[in-house]
Amino acid sequence: MNKRNIYKEILFQIIFHLVVFVFYSFDRNQPSVEAYKYVYFLNYATAAAIINYICLPIFYKRKNILIFVGMVIACILASALLEEFVLERVFFSGRRAKSIKMLWAFVDIIPIVAILSGVKFGWDALMKQKEVDKLEEVIKESELQFLKSQINPHFLFNNLNNLYSYALEGSKKTPEIILQLSGLLRYMLYECKEKYVPLSKELKQLENFINLNRLQIEDRGKINFTSDIYDHNEKIAPLIMLVFVENAFKHSQSSQSDQIKIDIGVRLDKDRKLTFTCNNSYREIANSPIHAKGIGLENVKKRLDLIYPDAHELTISDNNQFYKVKLTIHLQKDQSS
């Protein structure tokens, strides 16, 4: 436990002990607090402190439950003996001091000690849960970084194959393709390090990627891209939509030499619900099944589950002619990088 948490616990325990003492000593018929109540409560608080800071870490947290229970009973019994045979004789004389009421003393102590100790259990459980939450966040962030790191080589591998083909053919479009590709890689490597990026910037790079692939398709098909998003301030996890678009181009081009059709649309409604659609044609006979098993699709599904666990819906359908993807994401206005 770090120093900050220790100071917070000390402050919390002081305040809580004061609150419990007020309830313990309150008597509507006697507004003032008699001296013996301070000492009696200090006796109870001492028993609770021994349980909380000695018995709990030494026995309970090491799974020595029977010894822990025995030590708790011993602490309460010792507190009752101190009250009965010492404190009673110090603060009271006569018949009350001489009469022995061990059972009643034992019963009176238990509720106070149980409250003071129970809060310590609750505090430790809260701190443990915070540690678990922090660890889960670290694991989640590490997994996201790993998944994101897979996108760059995956994207680069697919496009270098296409670029290699154009270079072999001596195509005049090769320099333009290299320029478009370098721009996208620059965006991926340097501007996608944050968890969220501006939606307008993400869409600009998505359009660049579509234009890059449009150069390769030429007159072999028709590519449509529509978007009603321009200067909105919302942010989105980077490269989510690009993976689906990349798959659409890859599947269509690998299975069709002509009549390629790809329709891509993005819109944002007034409730900040983003709807992305991507439909691409393909021919089942020619389409290699290995394309459907690439890392890109599984990667983006995992990223969606991690970043938007309860704020997205992904639907993928296939009618043997068109592969259709529909993704809705509820973007939050206060998402930060």
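Tutor: Start with Leu 81, which sits in helix α3. This is a predicted model, and the values below are computed from it. Leu 81 has a relative accessibility of 35%, so it counts as partly exposed, a class that lies between buried, under 20%, and exposed, over 50%. Patch residues need over 30% relative accessible area, and Leu 81 is one of the residues that form the nonpolar patch on the surface. Two elements give two or more residues each: α2 (35-60) and α3 (65-91). Helix α3 supplies the largest share, with 7 residues.

Now the setting. The protein chain has 9 helices and 7 strands. Its accessible surface comes to about 19,900 Å², and carbon and sulfur atoms account for 59% of that. Of the 337 residues, 39% are buried. Among contacts with a separation of 6 or more, 73% join residues 24 or more positions apart.

Last, confidence. The mean pLDDT of the chain is 81, and 82% of the residues score at least 70. By element, the mean is lowest in helix α4 (residues 95-98), at 48, and highest in strand β5 (residues 273-281), at 94. Residues 289-293 have a pLDDT below 50, and this stretch makes 4 contacts in the model beyond near neighbours in sequence.

Terms used
Residues numbered from 1 in each chain as written. Predicted model: local features only at pLDDT ≥ 70, side-chain atom pairs only at ≥ 80, totals over all residues. Heavy atoms only, no water. Helix = DSSP H or I, 4+ residues; strand = E, 2+ residues; numbered from the N terminus. Buried < 20%, exposed > 50% of the residue type's maximum accessible area, 1.4 Å probe, protein only. Contact = heavy atoms within 4.5 Å. Areas by Shrake-Rupley, 256 points an atom, 1.4 Å probe, with all protein chains shown as cover. pLDDT = per-residue confidence, 0-100. Patch = residues over 30% accessible without salt bridge, like charges linked within 9 Å, V, L, I, M, F, W, Y side chains within 5 Å. Salt bridge = Lys/Arg side-chain N within 4 Å of Asp/Glu carboxyl O.
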